[in-house]
Amino acid sequence: MTVASLFSGFSSEPLASGPKPRRTAVGVRVGSGSGAVMVGGGAPIVVQSMTNTDTADIASTVTQVEALAKAGSELVRITVDRDEAAAAVPHIKERLLQLGCDVPLIGDFHYIGHKLLAEHPACAEALDKYRINPGNVGFKDKKDTQFSTIVETAIKYGKAVRIGANWGSLDQDLLTAMMDENAKSSAPLDMGAVTREAMVQSALMSAKRAEEIGLGKDRIILSAKVSQVQDLITVYRMLAMRTDYALHLGLTEAGMGSKGIVASSAALGILLQEGIGDTIRISLTPEPGGDRTLEVKVGQELLQTMGFRTFIPLVAACPGCGRTTSTVFQELARDIQSYIREGMPLWRTRYPGVENLHVAVMGCIVNGPGESKHADIGISLPGTGETPTAPVFIDGEKAMTLRGEGIAAEFKAIVDNYIERRFGGAKTAAE
């Protein structure tokens, strides 16, 4: 058998490294000044998050918004559910700007958004985007009036609007009408199919109405959130086929811990690979007293591992096996990952391009040296029962060997020196 025959039938073209294209989404600018973010229109996929503080508690909300923004959230949504919350919004915005945090704020409105925006103009002006749920913006005859009031306010202040249908609060009049029509059909669809269609129609009809009122297409973002992975994939495929509005993705009520991370990643990963989605949120239920910024980190890691964006240097580490019963490499991998994440807010401005750094922390001699050579900086620890001798590879070449108890501190210093040498010149050149 010849070499040529071994490769017959294989394409020499590289595998696709990005999403399949869909019709170009209209770009939506959210915010103003240096903190403004473009959503859609070919812009990078945006990571979004939401606070869980009482918005009327100004200090707590400012603290959490700032933490989310520092973690990498490019848009932050806050609840605006009553007069006290609406009154707090301009003060929250002011304090954030004083702290140097100009992340765009999104007001989440349900039921009485039209009233709050009308009675609190400072809130309407301070927010950068309004989120409307067409299922509860109003009912019966009041629906059109209240929806129109919010849209007209957005037009007045030049704000973007997300029209977000939700499985748990779907427009019941629309759903009932579609269910009745389906029941009369000679080949009726199942309830799930009708509900999915109602979700899509609710979002599209509301967007069309907003445009009729005068809101430009470049101010509209759509979403249609459900809590089941397959339903979410189906609904967004339907939306993407019928419109070129910018789309916000999120699996609502994803859950807590690994369940929420896996479910969100499974659904959003498929859609993003198909070219669907312009902004994402990972809706995790935090542990009591847990870190709200975890949803931001998961969103960033999803985009980075799929190759869509780069946020932070990657640390590759082996999973461990019987050859690595020592915890040295596990502790080093954890420490280096934490060290890099904690350093990124400063490194991002001091060392442009540092987010592309690739570090490997390997646990034994089987794959360790090879993986370390593939990284920019790699260390291969010796495994179990061997002398603690760890070769370090820099740019594919063995540079030195570390020994003894101070390996972790020495390796961190090596990482620091490499970053300064490789990326320090980029800042000087920019200046």
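F109 is buried, at 2% relative accessibility; buried means under 20% relative accessible area, exposed over 50%, and partly exposed in between, with a 1.4 Å probe and protein chains only. The structure is a predicted model, in which local features need pLDDT of at least 70 and side-chain atom pairs count only at pLDDT 80 or more, while totals for chains, interfaces and linings use all residues. Residues are numbered from 1 along each chain as its sequence is written, and side-chain values use heavy atoms, with hydrogens and water left out.

Two aromatic pairs were counted. Rings of Phe, Tyr and Trp (its six-membered ring) pair if their centres lie within 6.5 Å; planes under 30 degrees apart count as stacked, over 60 as edge-to-face and the rest as tilted. The ring centres of F109 and Y130 are 5.9 Å apart and the planes stand at 90 degrees, so this pair is edge-to-face. F109 belongs to strand 5 (residues 105-109) and Y130 to strand 6 (residues 129-132). The pair links distant parts of the chain, 21 residues apart. Helices (H or I, at least four residues) and strands (E, at least two) are DSSP runs, numbered from the N terminus. Y130 is buried, with a relative accessible area of 0%.

Y339 and W347 form an aromatic pair that is also edge-to-face, with 5.9 Å from centre to centre and 75 degrees between the planes. Y339 is partly exposed, at 25% relative accessibility. W347 is buried, at 9%. A charge also sits over a ring: K217 lies over the face of Y245, 5.0 Å from the ring centre. The criterion is NZ of Lys or CZ of Arg within 6 Å of the ring centre and within 35 degrees of the ring normal.

Eight strands form a closed barrel in the order 3-4-5-6-7-8-9-11, with parallel pairing. Two strands pair if DSSP finds at least two bridges between them. Strand 3 (residues 46-50) pairs with strand 11 (residues 279-280) in the parallel sense, over two bridges. V46 has T279 of strand 11 as its bridge partner. Helix 8 (residues 191-213) packs on this sheet and touches strand 7 (160-166) and strand 8 (220-225). Contact means heavy atoms within 4.5 Å. The direction of helix 8 makes about 165 degrees with that of strand 8. Axes are lines fitted to C-alpha atoms, for helices over the stretch in contact, and angles run from 0 to 180 degrees between N-to-C directions.

L232 is found in helix 9 (residues 229-242). L232 is buried, with a relative accessible area of 0%. Leaving aside neighbours within four places in sequence, L232 is in contact with residues including A224, V226, L251 and L268. L232 and A69 are 163 residues apart in sequence and 27 Å apart in space, C-alpha to C-alpha.

Five strands form an open sheet in the order 13-14-15-16-17, with mixed pairing. Strand 13 (314-317) and strand 17 are the edge strands, and each pairs on one side only. The twist averages 15 degrees from one strand to the next. Helix 12 (residues 328-350) packs on the sheet, touching strand 13, strand 14 and strand 15. The direction of helix 12 makes about 160 degrees with that of strand 14.

Within this sheet, strand 14 (residues 358-362) pairs with strand 15 in the parallel sense over four bridges. V359 has I377 as its bridge partner in strand 15. I377 and I379 point one way from strand 15, G378 and S380 point the other way, and all are buried. Strand 15 (residues 377-380) runs antiparallel to strand 16, and three bridges join the two. The bridge partner of I377 in strand 16 is I394. Five of the six residues of strand 16 (residues 389-394) are buried. Six bridges join strand 16 to strand 17 (residues 397-403), again antiparallel. V392 has M400 as its partner in strand 17, and I394 stands opposite E397. The two strands form a hairpin with two residues between them, and D395 in the turn has a positive phi of about 50 degrees.

The structure holds zero disulfides, a disulfide being a pair of cysteine sulfur atoms within 2.5 Å. For C101, the nearest cysteine sulfur is that of C123, 17 Å away. C101 is buried, at 10% relative accessibility. C123 is buried, with a relative accessible area of 1%.
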